[in-house]
Amino acid sequence: MTDPVSDWRRLADSHVLLDGFHALKHAVRFGAEVPVAVTADRAAALALADDLAPDVRGTLDALLTEVPETTYAALVPRPHPTAVAALAVRPSREAQLAKLAHTPRTAPVVVLDNPRNLGNAGAVIRLAAGFGATGVVTTGTLDPWHPTVVRGGAGLHFATTVERLAVAELPAGPVFALDPEGDDLRGVELPDDALLAFGSERTGLSTELRARADRLLSLPMRPQVSSYNLATSVAMTLYHWSHGARSAPTP
């Protein structure tokens, strides 16, 4: 029998940290390869599985190894309330790019243009997975597989396609970029093969992404309200896509 702590230390630098029960649950549910999983309270983790994830309870039973709480806490940067952690194999870049490039697409790709906030990026990936988006692409320096992003996404990176690309490398398809000066989103139909682009939380769309955009769109917003949270903007746009075009109200 292998030692899970030794395995963890050997694999930690090259694998994706699944931080908490829900991240592990989602990763397993969507086919992630998980070579090691630990918990400080195996009975409690399996009780959660009984209540919240009976479909993967058997897999979690086979995966989870109980370790002392001090050992668990030493393996993770910040202990999770569920006292569960695991390591998963990150999908290859080649496989991710192939999924993004596959056509015809049946759902949009969300593009986060030079995002800065790790938690926001994770929340967007969680949204994209929930709506069945083809994937989430980030531009810039933020690694969308950073542990804090994976924690914010509750392990749902494995339910969609997540990759970092330069603007010039974005997959084919019409780019609809969100901008305060754009046309009202409610009067525009968003096609399934669209790339839905959202600018940085502080600086908005980059010059490069703006030049790549086929159309600028704006979200309805009360005057004197400066902006929406990034994840809120993505949620509103994906919801609009999922319901088809809506006519903007008469001013």
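How many bridges join strand β1 to β4, and in which sense do the two run? Four bridges join β1 (residues 16-19) to β4, and the strands are antiparallel.

## Basis of the model

This is a predicted model, in which local features need pLDDT of at least 70 and side-chain atom pairs count only at pLDDT 80 or more, while totals for chains, interfaces and linings use all residues. Residues are numbered from 1 along each chain as its sequence is written, and side-chain values use heavy atoms, with hydrogens and water left out.

Helices (H or I, at least four residues) and strands (E, at least two) are DSSP runs, numbered from the N terminus. Two strands pair if DSSP finds at least two bridges between them.

Five of the five residues of β4 are buried (under 20% relative accessible area; exposed is over 50% and partly exposed in between, with a 1.4 Å probe and protein chains only). Val84, Ala86 and Ala88 point one way from the strand, and Ala85 and Leu87 point the other way.

## Helix α3

Helix α3 (residues 42-52) has Ala45, Leu46 and Ala49 as its buried residues. These line one face of the helix, because seen down its axis they fall within an arc of 95 degrees (taken from the directions from the helix axis to the C-beta atoms). Ala43 and Asp51 are exposed on the other side of α3.

The buried residues of α3 pack against α2 (21-29), β2 (36-39), α4 (57-63), β3 (64-66) and β4 (84-88), where contact means heavy atoms within 4.5 Å.
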